[in-house]
Amino acid sequence: AESRDPIDVLEKSAALSYILGDKEISFLAERLRIKEVKKGTWVAERGERIDDFHIITSGSLGIYLSARGAREAEYLTTRLPFESFGSTFTSSPNSARMVRTLEDTQFALLSHADITAFAKKFPKARGRLTEIFDAGLRKIVSASEIFKGLSLTHLSTLRLMLSYREYRAGQHVYSQGNRGYAMYLVFEGKLEGSIYDEKTREESVVRTLGPAETFGELSMVRPGEARTASIRAIEDSLVLELSAKALQSFCAQTKLSITNVLNKLFLQILLESQVPFFEHLSLDELQDLVKKYSVVRTFKTREVVFKQGDIGDKFYNIISGEVSVSSNGGKVLRKLGPRAYF
């Protein structure tokens, strides 16, 4: 495979480019070395420490977990070009973690000695990188509503599945209508969510997001569903991405439920819908209501939700799609979209 420019590699690695300045980038670029590995190679076996810091420049890696005594390692997630792995910037690795190339793969490597030299020359930058890859990451994930209360073992597993994404002020993470296959957790910075109304042709800001807050949860429940809002960075931001497939793997591995994700999604939908008869409730009361009574129901195209004359004992809030309200004669009276309620 053709080798990439070292500076280009570092600048495309989200966590590194977010933290490092030109001098730090140049220092590391001079020390990067390239390594090519054939498809199907185990880069790290169970419990093996990876001292070199790896940045994928081409190809892809599979991250696996192998429980003690298990006959086969179970797949967790995939790492793609310009994503990184390795324990140089972190504390001890997950002892059950295994890494294998899914195709012929090329890495740019920084050795333990290189990182030691970097730490001596740029101690503040080294501290920030340690924060992002280790202590700060654990703190942010633990503080989020969705992942609050995870055990250290589960937290260690989840960290293997998160990918860093950098967005400069004014840049969109995604736009309303895009297909969604991942959710996001804000590590640093500030972003805002907005909704464009086709009828009024006006865009309104519906939420502001800061550290430890999540967005894009609908894609965890309905992968491939159109995004119901746009998310834009209003200052330089670093976020953590978790794909729907990775969350499914995480829940299967840990035997945890996706309930926390659903509850967070329901609560956000209720808040954005501004339902009048919920306005008197506090945030804690709304959260309690969601946890006790909310469920997801999926309706196929043209399926009847309820008919005129049926007993009304349920409240519906649309997450995605469109519902038609019609008279007994079949005449459509109005149409309701995401965040509408009935």
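1. Leaving aside neighbours within four places in sequence, Y164 is in contact (heavy atoms within 4.5 Å) with A14, A15, I132, F133, L137, L238, V239 and L240. The model is predicted: local features need pLDDT of at least 70 and side-chain atom pairs count only at pLDDT 80 or more, while totals for chains, interfaces and linings use all residues. Residues are numbered from 1 along each chain as its sequence is written, and side-chain values use heavy atoms, with hydrogens and water left out.

2. Y164 is also listed, with L20, V141 and L242, as having the most contacts inside the largest nonpolar core, which has 63 residues. Such a core is a set of buried Ala, Val, Leu, Ile, Met, Phe, Trp, Tyr and Cys residues joined through side-chain atoms within 4.5 Å. Buried means under 20% relative accessible area, exposed over 50%, and partly exposed in between (1.4 Å probe, protein chains only). Helix α5 supplies seven residues, the largest share of this core. Helices (H or I, at least four residues) and strands (E, at least two) are DSSP runs, numbered from the N terminus.

3. Helix α4 (residues 112–121) meets helix α5 (residues 123–143), their axes coming within 5 Å and crossing at roughly 120°. Axes are lines fitted to C-alpha atoms, for helices over the stretch in contact, and angles run from 0 to 180 degrees between N-to-C directions. The two helices are therefore oblique to each other; angles under 35 degrees count as roughly parallel, over 145 as roughly antiparallel, 65 to 115 as roughly perpendicular and the rest as oblique. On the α4 side the contact is made by I115, F118, A119, K120 and K121, and on the α5 side by P123, A125, R126 and L129. Six of these contact residues are nonpolar, none polar and three charged.

4. An open sheet of four strands has the order β2-β7-β4-β5, with antiparallel pairing. Strands pair if DSSP finds at least two bridges between them. At the edges stand β2 (42–44) and β5, each with a single partner strand, so one side of each has no neighbour in the sheet. The twist from one strand to the next averages 30°. Five bridges join β4 to the antiparallel strand β7 (residues 97–101); G62 has R100 of β7 as its bridge partner.

5. Helix α8 lies across β4 and β5, running at about 155° to β5. Its buried residues are A244, A246, L247, S249, F250, C251 and T254. The cover over them includes β5, α6, β11 (182–188), α7, β16 and α9 (259–273).

6. In helix α6 (residues 152–159), H154, L155, T157, L158 and R159 are buried. Among the elements covering the buried residues of α6 are β4 (61–65), β5 (74–79), α5, β16 (237–243) and α8 (244–254).

7. V221 lies in helix α7 (residues 218–221) and is partly exposed, with a relative accessible area of 24%. Beyond four places in sequence, V221 is in contact with L262, L265 and V296. The C-alpha atoms of V221 and I258 are separated by 8.6 Å, at 37 residues apart along the chain.

8. E225 is in the loop between α7 and β15 (230–233). With a relative accessible area of 18%, E225 is buried. Not counting residues up to four places away in sequence, E225 touches N178, R179, G180, L218, S320 and G321.

Technical notes:
Nonpolar A, V, L, I, M, F, W, Y, C, P; charged D, E, K, R; others polar.
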